[in-house]
Every structure is written in C-alpha cells, then in structure tokens.
Amino acid sequence: MVICKSPAELEKMHRAGLIVWGALEKMREMVRPGLSTKELDQFAEKYCAEHKARPAFKGYRGYPGSVCTSINKEVVHGIPSPSRKLREGDILSMDFGVEVEGYYGDAALTVPVGKIAPEREKLLRVTRETLERAIDKVRPGNRLGDVSSAVQEWVEKNGYSVVREFVGHGIGTKMHEEPQVPNYGSAGHGPRLQEGMVLAIEPMVNSGSPEVRLLDDEWTAVTADGSDSAHFEHTVAVTNNGPWILTRPREATGPVW
Ligand code: MF3
Ligand code: CO
C-alpha cells in the first residue's frame, strides 16, 4: 500500500530533508584530493548529532557507515574507509539519509574531485538532468511509469545504461516504503500518483553496460565492466502545486544539485 502524507507530515519530512541537504552541501565543499571517505562519514555523523538527527543508513541491515561513498566504477553503497583517499579526476557519489522525529529524508549526488575528464563531466550532467526530468513527472494523475520511463529515456538517449538491481522507493516513517521506483519502465503504466505520496527517486547510471556485481565486502556494488557510474537522488512529494523536493530549501530554483 502506498501511504499518502498530510501537509503536517510533509513539513516534518522537509525538516529531515533539509538536514540531508545541508550535510551533503557541506560534504561537497569538503571534497578534494587526499580526503578520505571516512572523513566524510565522520562529518556526516557530527552533523547529525548537531542537528538532532539519526543517520538512517548506519546499522541498516548491518551497513557500517552513515553515508555511502562510491567512487568511479562503484555504483552505490561504497563503505567509507580511512584508507580510501580521493584522487584528482575521481568522481564521488555521496548518498545520505536521516531520521528526524520519526520521518526520513534521503538524497544523493555525484561530484568531481578536482578536475575531471570531459566524459565524466558529461556523465554527471546527464545523470543530474535525468533526475530533473523524472522529478518533473511527479504530479497528481501521472503514473509511476511516467517517472521511470523519463529516467530510462534520457539515460539511453545519451548512450548510457540504467542499473536494474537497485531502485528508488516510497519514503516516510520508514526509509523504504511502497512503491518501488525502478529506473526503467513504460509511460502510462503503473499506479497513479496522488497528492501526499513521497518518492525517493534515484537514477543510477552506468557509462557502459548496465550489469553490476557486489564486492567481497557484500555492500559495494560496482559496474561489471569497470565503467563509470553516477547517482543522483532527491526525496520528492506529490502536491497539487507540482513536485516538492523535500531534500532542498523550498525557495531553491535551478539545477536540483
Ligand atoms: N539511498 C539508498 C537507499 O535508499 C541508501 C541505502 S544505503 C543502506 O536504498 F546502507 F542504508 F542500505
Ligand atoms: Co534512497
């Protein structure tokens, strides 16, 4: 069952979402060659403590970090480590979620480390644009397949592929609620979107083939062919005034990340 949230509940989710956004913006500023992914994780923990939020990923099915840090061919769920240092030219995906007063926010972005190759710039731009196009479909009366197909179409039109093994999700008083939000599908199909539904939309885009495999740490997903991967995510509410991105300030305009 897809749970619809009241306006008061959406405000609570926005409070959680703003903490996610604030932490990710600070982490994006910290990113530089030589920084370890553990330092980002420690920052996220401290930010949570200061904002009376609980890091939602920590301990989730035994996940050891507060943030997921995935570099280059790593698709999602990379585990922060003191020995994993960022290098000039890398691309880094940072995925972060919190719980505040029983409500969740979840968001992610991929950022360059210093100067990166033009091919990587393009992958980041297209994946961000993919999220924007998907968010634009989050309107009452549209169908879930409209969101999914918007993702798949923009990715494939640009010569990239979408990961099938991981999906976006409903979100609210749990991090993962119904419905699943695949990054592939057909417009005009699936459940209708209704006011108060909240979706975490998270395209995971590979520059090569769509296949992924899991590393021995049993968390880190990498592209099977070693190609680059990018990930952008926002928590988005369906409202009669159009999509409301809960994981950024209300007044924000322009690119979603
Ligand atoms: N954004 C991811 C998701 O919604 C993050 C989960 S990481 C985990 O599924 F460690 F918590 F599993
Ligand atoms: Co998510």
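Predicted model: local features only at pLDDT ≥ 70, side-chain atom pairs only at ≥ 80, totals over all residues.
**Whole protein**

Start with the C-alpha trace of the protein. Along the principal axes, the C-alpha atoms fill a box of roughly 45 × 45 × 35 Å. The radius of gyration is 17 Å, which agrees with the value near 18 Å that a compact globule of 257 residues would have. Switch to a cartoon view next: the secondary structure comprises four helices and 15 strands.

**The pocket**

Now select ligand 1 and show the protein surface around it. Ligand 1 takes up the space of the largest pocket.

**The shell**

Select the residues within 4 Å of ligand 1. There are 13 residues in this shell, and the closest are Tyr-63, Asp-95, Asp-106, His-169 and His-176. Colour the shell by class to see six nonpolar, three polar and four charged residues.

- Asp-106: a polar side-chain atom is 2.9 Å from an oxygen atom of ligand 1.
- His-176: an N or O atom of the side chain lies 2.8 Å from an oxygen atom of ligand 1.

Finish by putting the protein surface back over ligand 1. On its own, ligand 1 has 330 Å² of accessible area, and the protein covers 94% of that.

Notes. Residues numbered from 1 in each chain as written. Chains lettered and ligands numbered in written order. Heavy atoms only, no water. Polar contact = N/O pair within 3.5 Å; in protein donor to acceptor, adjacent residues only side chain to side chain. Areas by Shrake-Rupley, 256 points an atom, 1.4 Å probe, with all protein chains shown as cover. 1 Å grid on protein atoms, 1.4 Å probe; cavity = no way out; pocket = protein on both sides within 12 Å on 5 of 7 lines; lining within 4 Å. Sits in = over half its atoms within 2 Å of the grid points. Nonpolar A, V, L, I, M, F, W, Y, C, P; charged D, E, K, R; others polar. Helix = DSSP H or I, 4+ residues; strand = E, 2+ residues; numbered from the N terminus. Rg over C-alpha atoms; globule rule 2.2 N^0.38 Å.
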